[in-house]
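Dear colleague,

I am passing on the structure we spoke about, and below it you will find my notes on what I found when going through it. Please read them with the structure open beside you.

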Amino acid sequence: MLCFGPKPVTSEDLDRYPSVEYVLGTSTGISHFDLRACRHRGIRVTSAGDAYSDDVADYAVGLAIDVLRRVSAANRFVRAGSWPVQNEYTLGSKVSGKRVGIVGLGSIGSRVAKRFEAFGCSIAYNSRKQKPHVLHAYYANVKDLASNVDVLIVCCALTNETRRIINKDVMTALGKTGVIVNVGRGALIDEKELVELLVGVRLVVLVLMSLRTNLTFLNRYSHWTALSCLHTRLF
């Protein structure tokens with residue numbers, strides 16, 4: 001069974017295809033497969049591994065640059081015809097020298113760190129445990145990490161422990177000028193608390209590659225610096 005993207009494979013799906021011996025996912029991770037059902041049926045499971053890690057890391061850095069430099073926001077400003085009316089546009093913020101926090105310093109996270117180092121950014125990270133050969137600052141608590149960075153890149157795997165790991169406390173610690181880039185599963189962010197903070201103007205910069213539900217209605221709040229929902233997916 002070849003599964004494109006993060007489409008889940010449930011026990012019911014496997015019941016419909018009793019001859020399946022392999023489940024191959026084209027995306028990173030296997031959290032969207034019912035592993036217990038696969039194990040019970042003796043089905044082998046695999047994924048793309050780190051085949052796309054460089055591409056995802058490129059996207060993560062590109063999204064951060066876009067929102068900090070206000071590239072796509074400026075494009076929308078001009079296309080809306082606002083330039084002749086307002087005659088000015090708010091300047092963006094430079095990427096160089098930013099404090100970047102990475103949640104999940106695995107295959108993708110380490111590549112993200114390497115790219116931001118080229119911009120002269122300081123790197124800190126949170127992971128299940130401290131990596132002995134990594135020189136970047138380590139924070140055992142995601143909230144503490146958020147309190148000490150300007151940009152938070154979320155790229156850890158989705159597990160029972162990491163579900164909604166980016167909650168109200170973490171987002172509040174990051175502050176109004178902070179940037180969140182989520183290139184992991186949508187459920188890593190607590191969407192209910194996210195909406196509350198955005199509506200209350202306590203979080204103003206957000207870049208998402210994935211969400212559990214459709215939050216496009218949030219675009220009505222024009223006072224945010226940027227809201228870029230590139231791919232709205234169901235997880």
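Predicted model: local features only at pLDDT ≥ 70, side-chain atom pairs only at ≥ 80, totals over all residues.

Strand 1 and strand 2 run parallel and are joined by two bridges, with cysteine 3 standing opposite glycine 25 in strand 2. Strand 2 is also joined to strand 3 (residues 44-46), again in parallel, by three bridges, and here leucine 24 has threonine 46 of strand 3 as its bridge partner.

In a regular strand the side chains alternate between the two faces of the sheet. Strand 2 (residues 22-25) has a covered face made of Val23 and Gly25, and an uncovered face made of Tyr22 and Leu24. Leu24 also belongs, with Leu2 and Phe4, to a nonpolar surface patch whose accessible area is about 310 Å² together.

Strand 4 pairs in the parallel sense with strand 5 (residues 122-126) over five bridges, one of which sets glycine 101 against alanine 124 in strand 5. From strand 4 the chain passes through helix 6 (residues 107-117) to strand 5, and this β-α-β crossover is right-handed. Strand 4 pairs with strand 7 (residues 151-154) as well, also in the parallel sense and over four bridges, and valine 103 has valine 154 of strand 7 as its bridge partner.

Turning to the charged residues, the structure holds six salt bridges. Side chains of opposite charge can pair when their charged atoms come close.

In one of these salt bridges the side chains of arginine 16 and aspartate 13 meet at 2.4 Å, N to O. The two residues are three apart in helix 1, and are therefore separated by about one helical turn. Arginine 16 counts as exposed at 55% relative accessibility, whereas aspartate 13, at 17%, counts as buried because the cut-off for that class is under 20%.

Which residue forms a salt bridge with arginine 115? The partner is aspartate 54, and the closest N and O atoms are 3.2 Å apart. Arginine 115 lies in helix 6 and aspartate 54 in helix 3 (residues 53-69), so the pair ties together parts that are 61 residues apart in sequence. Arginine 115 is partly exposed at 22%, and aspartate 54 is partly exposed at 37%. Both residues belong to a network of salt bridges that links Asp54, Asp58, Arg111 and Arg115.

Aspartate 150 forms a salt bridge with arginine 99, the closest N and O atoms being 3.0 Å apart. Because aspartate 150 lies in the loop between helix 7 (142-147) and strand 7, and arginine 99 lies in strand 4, this pair ties together parts that are 51 residues apart in sequence. Aspartate 150 is partly exposed at 24% relative accessibility, and arginine 99 is partly exposed at 35%.

Notes
Residues numbered from 1 in each chain as written. Heavy atoms only, no water. Patch = residues over 30% accessible without salt bridge, like charges linked within 9 Å, V, L, I, M, F, W, Y side chains within 5 Å. Areas by Shrake-Rupley, 256 points an atom, 1.4 Å probe, with all protein chains shown as cover. Salt bridge = Lys/Arg side-chain N within 4 Å of Asp/Glu carboxyl O. Buried < 20%, exposed > 50% of the residue type's maximum accessible area, 1.4 Å probe, protein only. Pairing = 2+ DSSP bridges. Right-handed = clockwise from strand over helix to strand, strands pointing away.
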